[in-house]
Amino acid sequence: MGDIWKIRSLVVAMAPLLICDVKNSYAEFSLNFQPQPGAARVASIANIDCFSGIAGGMPGMGGGGMMGQGACGADPTPFLNEVVVDAAGVRYFHTIVGDPARGSNFAQDVYIRVVAGAVCWFGCPTPRVVQAGGMGGGGGGMMGMGNGPAPLTASGGSNQNELAPLSSVEAISGNGTGNPNQVHIRQINNAAGFTQEFIKARDAFKPKITQTIITPDITSTFSVDMSAIGYSTNTAVAPIINTVVLTNAGVPPAGFTSPQIPAGTAGGNFNMADFTATRKVTAGRYTYTAGAGDGGSSGTYTYVDGVGFDVYGAEWGSFCDPVQNPTSTCVTFGRGVGGGGMGGGM
């Protein structure tokens, strides 16, 4: 399976935190880094389990046409891709990379909604991509497995993204194109003295991001909670916590003062709440306008101050560490499971 899935999933979280209107209420899944039970899984040739087999040697999860560890290669990273349906009958691609229960310091749990319609990537009568040997047609699926089609998601890209997952050309990679109004996601990223969580628990609402840094010298806490703000408004201001406490008794030196530190603030400690009268908060103040891509993907992000992150101009290769991706070295990518730009904004 190789590095491609880890990189593609990382791109999902690195893209901007944006999207659309709060119009519908769906029974989204819990973000608990667990596969869905067989009753929720939809048969698809895109289903692959390199997650359960790592834990218990189980070659496949059964039900829903899961391919087991034979498709996983030598990469030991827990990985799952499955098509599932929620209690409201809405289908999603569900992807897990890493497993906190097995000590993964980086892990991601992503659900991106499937686009309704007769067209799929392959394995259906009207496939967008015709595989070698005609495997794209018919409803039976790849390699005679009879697992069902690989549906489209609310994102862009082409079937060549498996060969160029870090391409800054979104028409190829699909990176940054996803409609996060149709995505919910949780990501953890931890290291010694550092914890970070990105969680977008509902499709139609923005995420909450928290970060803590603890060293012998400082304790830093940051949180921005946009989870009550929809994607059609740029007027709501997200609550923010931003504090720095200096725990080394010698920093700053005794008697340190500064005109930038309000009266009564201890030493060089910082608390954003002390600056209520002068601070300007733009977190959460952006909108997403649906684009012409599948499921409203490839849309436009608008920030209240007119300045923001250009998701379509990002150099995604800069986020890839060759040391952590020895198979590809962030350059050469091999055959993955079906294309379609799973990356997107949040």
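**Side-chain contacts in a predicted model**

User: Which residue does Asp 294 meet in a salt bridge, N to O at 2.8 Å?

Analyst: A salt bridge is a side-chain nitrogen of Lys or Arg within 4 Å of a carboxyl oxygen of Asp or Glu. The side chain of Asp 294 meets such a partner at 2.8 Å, N to O, and the partner is Arg 128.

User: How many residues apart in sequence are the parts that Asp 294 and Arg 128 tie together?

Analyst: This is a predicted model, where local features need pLDDT of at least 70, side-chain atom pairs count only at pLDDT 80 or more, and totals for chains, interfaces and linings use all residues. Residues are numbered from 1 along each chain as its sequence is written, and side-chain values use heavy atoms, with hydrogens and water left out. Asp 294 lies in the loop between S15 and strand S16 (300–303), and Arg 128 in the loop between strand S7 (126–127) and strand S8 (150–151), so the separation is 166 residues. Strands are DSSP runs (E, at least two residues), numbered from the N terminus.

User: Is Asp 294 buried or exposed?

Analyst: Buried means under 20% relative accessible area, exposed over 50%, and partly exposed in between (1.4 Å probe, protein chains only). Asp 294 has 19% relative accessibility, so Asp 294 counts as buried.

User: Over the face of which residue does Arg 128 lie?

Analyst: A charge sits over a ring if NZ of Lys or CZ of Arg is within 6 Å of the ring centre and within 35 degrees of the ring normal. Arg 128 lies at 5.5 Å from the ring centre of Trp 121.

Key: Helices (H or I, at least four residues) and strands (E, at least two) are DSSP runs, numbered from the N terminus.
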